[in-house]
Amino acid sequence: MKKNIYLDYAATTPVDERVLQAMHPYFSEEFGNPSSIHAYGQKAENAIETAREVVAEVLHCEPAEVIFTSCGSESDNLAVKGVGFARKSRDGRNHIITSKAEHHAVSLTADQMNKLFDFDVTWLNPDEFGMINPQVVADSLTDGTALCSVMLANNEIGTINPIGRIADICRRKNVLMHTDAVQAAAYLPVHVDELGVDLLSLGGHKFYGPKGVGALYVRKGTPIIPIQTGGGQEFGLRAGTQNVPYIVGFAEALRLTDLERERRAAHVKPIRDHIIGNVLESIPRSLLTGHPADRMPNHCSFVFEGVDGNLLLAMLDAEGFSCSSGSACKTGSPEPSEVIQLLGLSRDWSLGSLRITLGQGTTVEDVETFISHLPAMVEKARNLQ
Amino acid sequence: MKRVVVAMSGGVDSSVAAALLKEQGYEVLGMMLRLWSEPGKEDSNRCCTPDAMALARRVAAQLDIPFYAVDARQPFRSTVVQYFLDGYALGVTPNPCLVCNREIRWKFLLDHAKAMGADYMATGHYVKLREQFPAGLDSGTNSTMQLLRADDRSKDQSYVLHVLNQNQLRSALFPIGNYSKDEIRSMAKGFSLPSASRPDSQDLCFLAGEDYRRFIKRNDPESLVAGEIRSVDGRLLGRHSGLSQYTIGQRKGLGFSSSQPMYVLDKIAETNTLLVGFKDDLGRNELTVKNLNWISETPPPETFWADVKIRYTARETPAEVTRLQDGTCQVRFDDPQRDITPGQAAVFYQDDLVLGGGIIV
């Protein structure tokens, strides 16, 4: 059987063995419901409260400002809807600012609030690197603005946004600032005061934690209502029995990520730069998408003119290379991704996108194998057009 | 290990084809074409609805083979669907499946399969292949690929594959041609494939189960020009609503009354006339075939006898075939044949062997 080389760490990561170990006791031994009064419940409660402290330490916030959720998308939904609805009912603010390059968890949520719940939405255009200029945020603020949501790092093109400067501008106008840090947290510090944000979304499986668990940082005093109502768990902001083992895993994964941040970045960054240099040099009619410098250290993304990105992915997969594309579509009806179209590329370029994202399991040898195969495959895919 | 791409549909035939090849030790990849559907009807294209694709994906997962969807919407629309509309606009009854096999399945998809590093492409068609070596040899390089009818004659699909050439056949595998449909169904159960109980498909995929006439009304309304209905002896009997709305042999719905039942005999595009007559007028002993494809790529003798099939569902009938200077063939039957339909293919057989065929003029 041929060896598969995984180059899609932005999609998801394997669970760290140490994380798995930390989770293990909470399935069948310490299985209690954290809301229960008895000893089982108390042990489980202790586990999630310890996890909350661990997360708070990484975020540099109070434990009571950490809400555990089921995933990054839920965190985004809770932030945008929860704050939007709260502010609208409390002080009549019904304007949301977000960017066209956001993850769908934010953009489709804002779109729904616009269409069904009478919110105004300003859609910010990124520049040609996919970056949001703080000035365009400043130009969009009104007295009715409730929330601004701009992602910390883009999942498709890896660009890092100047969130600190955007948050400063918002704060001066009493506008709350949310950032989706789901993609960023694997390599960038998520210090909420340095970023200056009021809300920040995380998802466990992007940094060697389990899927199905996330968290939302909510600064103390932020007007917010729960989106999932019911029991009083998570300070009344997220009803439902907590997923204890996954919350424990989430916290351990985030702790390890914070602890090993520099070492992890130092592993992937030179490999990233090697791939980018090599691809741009060896493949004609290729472009890097996203910002050349302000980008995730594990993130390479390209477009190739005249290539069907979906086909290229299939060809790569057939040779054992697991990558991704902005136009990836499992049902054979690819459309250029909205984000890549925003960069000002024509359809002929934007359909041919390729994303290669690295992780701690990536080796130089694997990447050498990959870059030795890629040019011929791009050429083959191009000839089929 | 030889790599083979199986063109999957989610149906039982292509699923078993993939399972058999995997069992035979090939490295199998599943691919599925995303074909064109009318806007808003994407859920009902018979071959590639999201449901069918989900099923094919399940089958691939069960067989532990990778699965990829290929976007063929644009080329399918511009070749297959256009051919269908153009044919009807010209007053004939086209068979778009022929064009799909030649241009989409066995060209577009085959090219993609080759780009994926495949040595072969396989489909779930009921046909067989034989490699024929020059006399006295049983190996060598000068072989010819022969296309043969399936063992299960009731399922034989050679009619739609007579358009293939040697290059295509050299890359082809047809793993289910030696089996009956019943055997395939029971094998599907044996492999525990989720498609085992799906019904067979019949109509054109892009019609989405609808009558072709309504499809033409929506997609090529300009082609519908009303005209005269005349009898063989020139009498004006009524008006028609566009030649494409009628088929050869049609009796009902002609819109005029007559003492004896009358049938559509021919569509004369030049004068936009629908020609009708009595039952006895329906049969013809002769037909002409154009755009011929000879599978061996060597034309047969100038005159030869063959079993000729004039529609997908017709029974083959012996006829004398004469190749003419202009590249067409004259086909002469002993007895008159009903429903000879211009635009459909006439396919020539000798025993199991498919010689080739062309389009009825």
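## The hairpin of β8 and β9 in chain B

Strands β8(B) and β9(B) are joined by four bridges and pair in the antiparallel sense. Within this pairing, the bridge partner of Gly227(B) is His240(B), which belongs to β9(B). The two strands form a hairpin with four residues between them, and in this hairpin Gly234(B) takes a positive phi near 90 degrees. As with everything described here, these features belong to a predicted model.

## The sheet around the hairpin

The strands β8 and β9 of chain B are part of an open sheet of four strands, whose order is β9-β8-β11-β10 and whose pairing is mixed. At its edges stand β9, covering residues 236–240, and β10, covering residues 263–268, both of chain B, and each of these pairs on one side only. On average, and with direction ignored, neighbouring strands of this sheet are turned by 30 degrees against each other.

Which strand runs parallel to β8(B), and over how many bridges are the two joined? The partner is β11 of chain B, residues 273–277, which is joined to β8, residues 227–231, by four bridges. Two of the residue pairs can be named: Glu228(B) has Thr273(B) in β11(B) as its bridge partner, and Ile229(B) has Leu274(B) in β11(B). In a regular strand, side chains alternate between the two faces of the sheet.

## Strand β12 and its partners

Further along chain B, strand β12, residues 284–294, pairs in the antiparallel sense with strand β15, residues 329–337, over five bridges. Here the bridge partner of Val289(B) is Cys329(B) in β15(B).

Strand β12(B) also pairs with β17 of chain B, residues 353–360, again in the antiparallel sense, and this pairing runs over four bridges. In β17(B), the residue that stands opposite Lys290(B) is Ile359(B).

## Domains of chain B

Chain B is divided into three parts, with domain 1 covering residues 3–207, domain 2 covering residues 226–281 and domain 3 covering residues 283–360. The C-alpha centres of domain 2 and domain 3 of chain B lie 26 Å apart.

## Where chain B meets chain A

The contact between the chains takes 16 residues from chain B and 15 residues from chain A. On the side of chain B that touches chain A, at least two residues are supplied by each of β2 (27–34), α2 (50–63), β3 (67–71) and α4 (96–115) of chain B. Which of these elements gives the largest share? That share, four residues, comes from β3(B). Sorted by class, the side of chain B that touches chain A has ten nonpolar residues, together with two polar and four charged ones.

## The overall form of chain A

Chain A has 14 helices and twelve strands. Its radius of gyration is 21 Å, which is close to the 21 Å that the globule rule gives for 385 residues, so chain A is as compact as a globular protein of that length. Along its principal axes, the C-alpha trace of chain A spans about 65 × 50 × 35 Å.

## Confidence in the model

For chain B the average pLDDT is 92, and 96% of the residues score at least 70. The model as a whole scores ipTM 0.83 and pTM 0.88.

Terms used. Residues are numbered from 1 along each chain as its sequence is written. Chains are lettered from A and ligands numbered from 1 in the order in which they are written. This is a predicted model: local features need pLDDT of at least 70, side-chain atom pairs count only at pLDDT 80 or more; totals for chains, interfaces and linings use all residues. Two residues are in contact if their C-beta atoms, placed from the backbone, lie within 7 Å. Ala, Val, Leu, Ile, Met, Phe, Trp, Tyr, Cys and Pro count as nonpolar, Asp, Glu, Lys and Arg as charged, and the others, Gly among them, as polar. Domain bounds come from an automatic or database domain assignment. Two strands pair if DSSP finds at least two bridges between them. Axes are lines fitted to C-alpha atoms, for helices over the stretch in contact, and angles run from 0 to 180 degrees between N-to-C directions. pLDDT is the predictor's confidence in each residue, from 0 to 100. The radius of gyration is taken over C-alpha atoms; the globule rule is 2.2 Å times the number of residues to the power 0.38.
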